[in-house]
Amino acid sequence: MENLPILEPYRIKVVEPVRQSTVEERRGLIAEAGYNPFLLRSEDVFIDLLTDSGTGAMSQRQWGAVMDGDEAYAGSRSFYRLKEAVEEVLGFPCVIPTHQGRAAEHVLFTSMLKAGDLVPNNMHFDTTKAHVQHRGAETVDLLCPEGYEAASAHPFKGNMDTAALDRLLTERGKRVPLVMVTVTCNSGGGQPVSLENLTEVRRICDRHSKPLFLDAARFAENAFFIQRRERPDLSVPEVVRQMMSLADGITMSAKKDALVNIGGMIALRDEALYRECSNWAILFEGFPTYGGLAGRDLDAMAQGLREVVDVGYLAHRLGQVAYLADRLREAGVPIVEPPGGHAVYLDARRFLPNVPQDQFPAWALSVELYIKGGIRTVEIGTVLSGRNPATGEHDYARLELLRLAVPRRTYTQSHLDWVAKSVIDVYRRRDEVRGVRFTYEPPVLRHFTARFEPLA
Ligand code: F0G
């Protein structure tokens, strides 16, 4: 993004050693792992960009809060401190902690969905989609057209197609118990949703008497984009409050923008729905004042929610992602534009035009990047898409992407320089990169445990 500072707004007090192996060692390690980065041991990874979920560094205040944790089964002080932070930062009076984001989805959807229902979203994240389907309901993605164009520089590519939402609610509204918007839109590349778009979605929901829920995993990153690109008259905490004021509730993976290693929550306004969700939370997660977490985890979340809306933190955070994107763009590396909040995505079909889609170009690139730089990334392409259950054919992805997700407060600028250099080195020798084929293909969620061999 536009001229963000990349000087780290923190200094380092605790260090976690990481090991640099050699290219030769890594060739052996990835072969042993069946050319699947998920099957590597993390100690054999130098820079881990697999995900930004639960992989960030907590602050000294969060670690201090951990010592304050109250481990009472019911009504702990930690719960009330979390409740206060949620009310202060997000403006919701009711909160149910859960052990992570998908657990919040499980509890909310058990309360609100039944077989035959339809759930519109700008774009469902995988676990959200799976939980909707688990209830026998159907998902509909209504992302705006620009969101599907890798090269479009639209500032809010996470926006919902509001005309399509209005049409859906007019034609099939009876089947829709709630509308969701994911901020930022992870499956669309970490792209933000504008305040104007959210306001319009709210208006449409009101017209059709539907509740609106946000999947708020990266709410603060979304708010920062709004502050920079749309509403410079507001502060980030004000943008957050406005975003949240448009929603009836949220599900949230706290492993992203609550700056913790584990945790999630549902936050709500409606007392009756809160009671209903609490009952399911007891069954799935634990008593509603701890929700599958330790008291100390709740305290770390409370503190994280206050820290994440700090504009200095966010400018550096988004600045790191933009910095990495700038280094790659300068060298001509094809990336998804503009870069999103938490990751840079390489466009593998343009990067490796010689590797056909059935030889999994983005996967091949992830193997190459590990060998070259000890960097672990994740394929968002055809291996992830799986097979079409009706035809048995690969469900070819619209875009073959490689996600370089940046953990929060974890790596320095010199780490990012190493990432950029490694990607650029692979790009310069891209003609030598070969595709891969399966040697073992699991029937479902194949990317996690599949094994491959490189093609000659
Ligand atoms: N919603 C969004 C938008 C997410 O990105 C995730 C997780 C979840 C829900 C589920 O939360 O993992 O705490 O159960 N995204 C991670 C990722 C896994 O790598 O993007 P969870």
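In this tour, a residue is called buried when its relative accessible area is under 20%, exposed when it is over 50%, and partly exposed in between (1.4 Å probe, protein chains only). Helices (H or I, at least four residues) and strands (E, at least two) are DSSP runs, numbered from the N terminus.

The model is predicted: local features need pLDDT of at least 70, side-chain atom pairs count only at pLDDT 80 or more, and totals for chains, interfaces and linings use all residues. Residues are numbered from 1 along each chain as its sequence is written, and side-chain values use heavy atoms, with hydrogens and water left out.

**The whole chain**

Along the principal axes, the C-alpha trace spans about 60 × 55 × 45 Å. Of the 456 residues, 59% count as buried.

**Helix 2**

Select residues 60–67, which form helix 2; here Gln-62, Ala-65 and Val-66 are buried. These three cover an arc of only 110 degrees around the axis, which puts them on the same side of helix 2. The arc is that of the directions from the helix axis to the C-beta atoms. An α-helix has 3.6 residues a turn, so residues three or four places apart point the same way. Turn to the other side of helix 2 to find Gln-60, Arg-61 and Met-67 exposed. The cover over the buried residues of helix 2 includes helix 11 (295–308); contact means heavy atoms within 4.5 Å.

**Helix 6**

Next, select residues 162–172, helix 6, where Thr-162, Ala-164, Leu-165, Leu-168 and Leu-169 are buried. Their arc is only 155 degrees around the axis, which places them on the same side of helix 6. Thr-170 and Glu-171 are exposed on the other side. Among the elements covering the buried residues of helix 6 are strand 3 (118–121), strand 5 (179–182) and helix 7 (195–207).

**Pro-37**

Finally, select Pro-37, in the loop between helix 1 (23–32) and strand 1 (47–48). Is Pro-37 buried or exposed? With a relative accessible area of 5%, Pro-37 is buried. Not counting residues up to four places away in sequence, Pro-37 touches Ile-30, Trp-363, Ser-366, Arg-376 and Thr-377.
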